[in-house]
Amino acid sequence: MRKLYLIVMLGLFVSGIASAQSLALKTNLLYDATTTPNLGVEVSMGKHFTLDISGNYNPWDLSTNRSVKHWLAQPELRYWPVERFNGHFLGVHGYYMDYVFKDVRLPMGMKRNEGFDGTAYGAGIAYGYQLYLSARWNLEFTAGFGYGYYEYDKFSLDKGDNEYLGLYKTDYWGVTKIGVSIIYLLK
């Protein structure tokens, strides 16, 4: 809970130093489709740079045996070749996640009938495009690739007794960010 409080306070700090013409609020529709509440704040840092800070939190179980509970914070520094909040951009991002996954298959070597309780962090590069919809609304498409380090306690769920299998560490190279976001520009 302290980590979530820190993320909220950081977002309020960033929004407090930003002028109204250089601030955007956003939500990633792909996360929304998985019932993961998320919110992002993007603030101008000059004519060609912005700082995007996004976070999400999923506190729900999929069923009595399946879970993808997690929270994630992901800051990204973006470079806009033409102008901010319009057109193509390149970004450098990092992320930190705390999670409890049960009975789901994930690309980091996590399999069905197993439980994982751990943390992850990593960094990557991203490419994106913001499509102008109106004076206050944009649609953003973004994808990022990079490295992630996952450290977790692993449990067997086969017998229903959550047998502890040990501490595991996994290096991951691949997709570190993906999104289709709706953006509201404050003016």
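Analyst: D61 has a relative accessibility of 45% and therefore counts as partly exposed; this class lies between buried, under 20% relative accessible area, and exposed, over 50%, computed with a 1.4 Å probe and protein chains only. The model is a predicted one, in which local features need pLDDT of at least 70 and side-chain atom pairs count only at pLDDT 80 or more, whereas totals for chains, interfaces and linings use all residues. Residues are numbered from 1 along each chain as its sequence is written, and side-chain values use heavy atoms, with hydrogens and water left out.

The side chain of D61 meets that of K69 in a salt bridge, with 3.7 Å from N to O. The term denotes a side-chain nitrogen of Lys or Arg within 4 Å of a carboxyl oxygen of Asp or Glu. Side chains of opposite charge can pair when their charged atoms come close. K69, at a relative accessible area of 31%, is likewise partly exposed.

The strand β4 covers residues 67-79. Helices (H or I, at least four residues) and strands (E, at least two) are DSSP runs, numbered from the N terminus. The protein has two helices and eight strands, arranged along the sequence as α-β-α-β-β-β-β-β-β-β.

What does β4 pair with? It pairs in the antiparallel sense with strand β5 (residues 87-102) over eleven bridges, where pairing requires that DSSP find at least two bridges between the strands. S67 stands opposite K102 in β5. On β5 there is a further antiparallel pairing, over 16 bridges, with strand β6 (residues 114-132). Here Y99 has G118 of β6 as its bridge partner.

Other salt bridges involve buried residues. R78 and E76 form one, their closest N and O atoms being 2.5 Å apart, and both residues are buried. These two also belong to a network of salt bridges that links K26, E42, D52, E76, R78, E140 and K177. E114 and K154 form another, at 3.5 Å from N to O. This pair links distant parts of the chain, since E114 is in strand β6 and K154 in strand β7, 40 residues apart. E114 is buried because its relative accessible area is 13%, and K154 is buried at 13% relative accessibility. The whole structure holds eleven salt bridges.

L77 also has its place in strand β4. With 40% relative accessibility, L77 counts as partly exposed. Beyond neighbours within four places in sequence, the contacts of L77 (heavy atoms within 4.5 Å) are M45, F49, T50, L51, L90, G91 and V92.

L77 and M45 both belong to a nonpolar surface patch of about 1,000 Å², together with F49, Y79, L90, Y127, Y129, L131, L133, W137 and F141. Patches are made of residues with over 30% relative accessible area and no salt bridge, with like charges joined within 9 Å and nonpolar side chains (Val, Leu, Ile, Met, Phe, Trp, Tyr) within 5 Å. Areas come from the Shrake-Rupley method with a 1.4 Å probe, and for residues only the protein chains shown count as cover. Strands β4, β6 and β7 (137-156) each supply at least two residues of the patch, and β6 gives the most, with three. Y127 lies in β6 and is partly exposed at 42% relative accessibility.

Rings of Phe, Tyr and Trp (its six-membered ring) pair if their centres lie within 6.5 Å; planes under 30 degrees apart count as stacked, over 60 as edge-to-face and the rest as tilted. The count comes to 13 aromatic pairs. Among them, Y99 and Y150 form a tilted pair, 6.1 Å centre to centre with 55° between the planes. Y99 lies in strand β5 and Y150 in strand β7, so the pair ties together parts 51 residues apart in sequence.
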